[in-house]
Amino acid sequence: MQLKNDRYLKALLKQPVDMTPVWMMRQAGRYLPEYKATRAEAGDFMSLCKNAELACEVTLQPLRRFPLDAAILFSDILTIPDAMGLGLYFETNEGPKFERTIQSKADVEALPIPDPEDELGYVMNAVRTIRTALKGDVPLIGFSGSPWTLATYMIEGGSSKAFTKIKKMAFSEPAILHALLDKLADSVILYLNAQIKAGAQSVMVFDTWGGVLSGRDYKLFSLQYMEKIVSGLIRENEGRRVPVTLFTKNGGTWLESIAATGCDAIGLDWTVDIADARKRVGHKVALQGNMDPSMLYAPAPRIEEEVETILSAYGEGTGHVFNLGHGIHLDVPPENAGTFVNAVHAKSARFHK
């Protein structure tokens, strides 16, 4: 099926586009009243992820409201450790937690590598259902957490502020952590390739916690495993390239190293100056980002002004996918998100003449 709107894929591959494409991290989510209604119908978050029809419904909800240039699979970054048998659950207002954690070499050795069409088959069913429902309107993005980020949750047992348990392992028993990260990288490769075969037209790796590491340790414990993933992915499917985006939150120091992994695009958070980022790596990779999600609390003229500032900073030509620098906040008024998306399209055409 021919894509009606492929400017997102083209921009990731630095091909000419008529305007800058835009989507939002967490665009299907809690800021939308219709999402809350569907989640209530599902019963809880993981039940929503595991129901292909409902996961499809929430994936499509933002596209009915806003002229977004891509859909992103509705799922969670922690599906792989859950499928490994660690017992993922969600505490209200506390985020994800695991019943069992990884503490020893034996724990790592006991972990299975999940079969993406078996233990994670519900994700592939969602991908196939969404891809059919999109009818070629816009491309579908698949994703995974990075090995380092998945490992933080698996070792800490949930979210963390200081990451003392995983850093203790990294510095006192590095061989155990490397064995875990390697197994996770293999699992992510299988998982993302299965998403691509099921219909994802681009994939993204979210390295939410890479930025808590020093430069040397980031390369050792996070980046080398993302590079392994990039080299193991299917890069051509259905007659076109499948672009890969890597996003490390607070990773602005390491853009050159990230660009050297062979990825097609780098996600930027809002702490990075996009003009500087383009000077550093723009000839090698596309850039995605990077408005502060809190800007969506501002009145419409201020949102539009910020969009203009970022577009101007990036400058003329392709290779920019406009996005927030992280996920949209749950209490943002949906109409503000609409102002943002419309402003990107309205203001960006002049940069693509």
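## Exercises on a helix pair and a strand

Ile-166, Met-169, Ala-170, Phe-171 and Ser-172 of helix α9 make contact with Pro-174, Ile-176 and Leu-177 of helix α10. The model is predicted.

**Exercise 1.** Which kinds of residue, nonpolar, polar or charged, form the contact of α9 with α10?

*Solution.* Take the residues on the α9 side, Ile-166, Met-169, Ala-170, Phe-171 and Ser-172. Sort them: 7 are nonpolar, 1 is polar and none is charged.

**Exercise 2.** Are α9 and α10 roughly parallel or roughly perpendicular to each other?

*Solution.* Start with the axes of α9 (residues 164-172) and α10 (residues 174-198), which come within 5 Å. Next, read the crossing angle: roughly 115 degrees. Angles from 65 to 115 degrees count as roughly perpendicular. The two helices are therefore roughly perpendicular to each other.

**Exercise 3.** How many residues of strand β4 are buried, and which way do they point?

*Solution.* Leu-140, Gly-142 and Ser-144 point one way. Ile-141, Phe-143 and Gly-145 point the other way.

**Exercise 4.** Which residues stand opposite Ile-141 and Phe-143?

*Solution.* First take strand β1 (residues 71-72), which runs parallel to β4 and is joined to β4 by 2 bridges. Here Ile-72 stands opposite Ile-141. Then take strand β5 (residues 202-207), which pairs with β4 in the parallel sense over 5 bridges. Here Met-204 in β5 stands opposite Phe-143.

Technical notes. Residues are numbered from 1 along each chain as its sequence is written. This is a predicted model: local features need pLDDT of at least 70, side-chain atom pairs count only at pLDDT 80 or more; totals for chains, interfaces and linings use all residues. Side-chain values use heavy atoms; hydrogens and water are left out. Axes are lines fitted to C-alpha atoms, for helices over the stretch in contact, and angles run from 0 to 180 degrees between N-to-C directions. Helices (H or I, at least four residues) and strands (E, at least two) are DSSP runs, numbered from the N terminus. Angles under 35 degrees count as roughly parallel, over 145 as roughly antiparallel, 65 to 115 as roughly perpendicular and the rest as oblique. Contact means heavy atoms within 4.5 Å. Ala, Val, Leu, Ile, Met, Phe, Trp, Tyr, Cys and Pro count as nonpolar, Asp, Glu, Lys and Arg as charged, and the others, Gly among them, as polar. Buried means under 20% relative accessible area, exposed over 50%, partly exposed in between (1.4 Å probe, protein chains only). Two strands pair if DSSP finds at least two bridges between them.
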